[in-house]
Amino acid sequence: MPAEPVAPPAVTADDRRSRTVRRVATVLALAAVLPALYLPGMVHDFFDLKIYMRAMDWWAAGNPLYDYVQPDRVQGALYFTYPPFSALLLRPFAVLPLGLTIAVFTVLTGIAVIYTTRWLLTPVIARHDLPRVFTLTVAVLLVFAVESTRETITFGQINMLLVVLVLADLLFAVPQARRWAGVGVGLATALKLFPGIFIVYLLVTRRWRAAAVASVTAAAATLLAAAVAPRDSWRFWTHELWATDRVGRTDYTGNQSLFGLLSRVDAPAEPNRLLWLALVAVVAGYGLWRAARAARAGDALTGLTLTGLVGGLISPITWTHHIYWFIPAVVVLVDAALDADRDDAEGARRRRRLLALAVGTGVVIVYGVVSFYDWGVAPARTDTPWEFLLRNAYVLLALLLLVALPVRREPRPARG
């Protein structure tokens, strides 16, 4: 006769109290670490947001928007570099006291972190029957600990707004074939050109309607800005867009793109443009091919994560606060690890590999590349292997994840 199944031991009140104590201690420990991580970045003093607001004041006074310039000890001369549509959205904030504007941007970024983390983790929690409140709380604290989030907050950047628009579109609207699918990606592209890589993603995944909606939305927002500020719009699209010297030194360690890596290898000389273009073609082709395969397999999160990593690598300038896409990569890795069969030897090895990569990625993106090192103000060649690894940590990690990020199988129903 088959053996009778053994019932799991009952959970006692003491067990529940002990588990609750451990969870509360974990949350408090993470919360206690956050101030120490943010302390080095407080010297930024919302530097980028202050540039935006001063540029808006300059513009409101009747001056050409893209003539605004501000000196910086590291980057030299800094200008307003966003498209004119971004200026239209930033302009109303110029009438507010600067302290209130800083508070609004900080609060909105915090809300965006909470909601996007919930979007990423809710399916994982349901599939693996994880404790919802505890898992989300720990995850939100960890996302706040990541260097890209810290830099976004302490510089006063708008990156999390773009992330909200892209994730809302590609996690919900596009998979559900909503009529407005593509609007979020289009608006994000009009605000800051980097999200344009997701229009390419929609094309390679054959979401023709969403790609068309995204393109039309971006064009409409751009034309609206042109109608309000025709001279500034003409100047941006015909000249300033192509002037890479307006955004700072490409060799600075904070520029974690392929072009930044080559610039640091060749500094103070200019990098080889043909070599860069060749690397861009290979990385974009391979990364978008994998992203398309993930989308066809029904894994929207892996597809958009690979696309975000590609965008960071191929852009000439990818500052540390741009690189949000390591965060969903960690979610994908943990989810795939939890799916691995622990009772099978190969499954157990796969589980360990995925968890090790997830933990390693988390350590790198929390420690970062600029928070705890002063890389100086002058161009400096990368001379040693250790310095090469340290100064290009995000670039090398993104290349690794392009190859190693797993495509998860179709989501299964939640247990219980």
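Biologist: Is Ala 177 buried or exposed, and how should I read that in this model?

Modeller: The model is a predicted one, and the reading rests on relative accessible area, for which a value over 50% counts as exposed. Ala 177 has a relative accessible area of 65%, and it is therefore exposed. The residue sits in the loop between helix H7 (159-173) and helix H8 (183-191), and its phi is near 55°, a positive value in a residue other than glycine.

Biologist: Where is Asp 129 placed, and what is its phi?

Modeller: Asp 129 belongs to the loop between helix H4 (98-128) and helix H5 (132-145), and its phi, near 55°, is positive although the residue is not glycine. With a relative accessible area of 53%, Asp 129 is exposed, because the cut-off for that class is over 50%.

Biologist: Which peptide bond is cis?

Modeller: Here the angle to read is omega, and for the bond from Ala 267 to Pro 268 it is near 5°, the bond being cis. Pro 268 is found in the loop between helix H12 (258-266) and helix H13 (273-296).

Biologist: At what angle do H9 and H13 pack, and what does that say about their orientation?

Modeller: The angle is taken between N-to-C directions; for helix H9 (residues 197-204) and H13 it is about 55°, with the axes 9 Å apart. Angles from 65 to 115 degrees would be roughly perpendicular and those under 35 roughly parallel, so H9 and H13 are oblique to each other, and their crossing is right-handed. On the H9 side Val 200, Tyr 201 and Val 204 take part, meeting Leu 288, Ala 291, Ala 292 and Ala 295 in H13. The residues of this contact divide into seven nonpolar, no polar and no charged.

Biologist: Which residues touch the most other members of the largest nonpolar core?

Modeller: That core has 113 residues, and those touching the most other members are Met 56, Phe 80, Leu 170, Phe 326 and Leu 401. For Leu 401, once neighbours within four places in sequence are left aside, the contacts are Arg 290, Leu 306, Leu 309, Phe 326, Ala 329, Leu 333, Leu 357 and Thr 361.

Methods. Residues are numbered from 1 along each chain as its sequence is written. This is a predicted model: local features need pLDDT of at least 70, side-chain atom pairs count only at pLDDT 80 or more; totals for chains, interfaces and linings use all residues. Side-chain values use heavy atoms; hydrogens and water are left out. Helices (H or I, at least four residues) and strands (E, at least two) are DSSP runs, numbered from the N terminus. Buried means under 20% relative accessible area, exposed over 50%, partly exposed in between (1.4 Å probe, protein chains only). A nonpolar core is a set of buried Ala, Val, Leu, Ile, Met, Phe, Trp, Tyr and Cys residues joined through side-chain atoms within 4.5 Å. Contact means heavy atoms within 4.5 Å. Axes are lines fitted to C-alpha atoms, for helices over the stretch in contact, and angles run from 0 to 180 degrees between N-to-C directions. Angles under 35 degrees count as roughly parallel, over 145 as roughly antiparallel, 65 to 115 as roughly perpendicular and the rest as oblique. A crossing is left-handed if the near helix is turned anticlockwise from the far one by less than a right angle, and right-handed if clockwise. Ala, Val, Leu, Ile, Met, Phe, Trp, Tyr, Cys and Pro count as nonpolar, Asp, Glu, Lys and Arg as charged, and the others, Gly among them, as polar.
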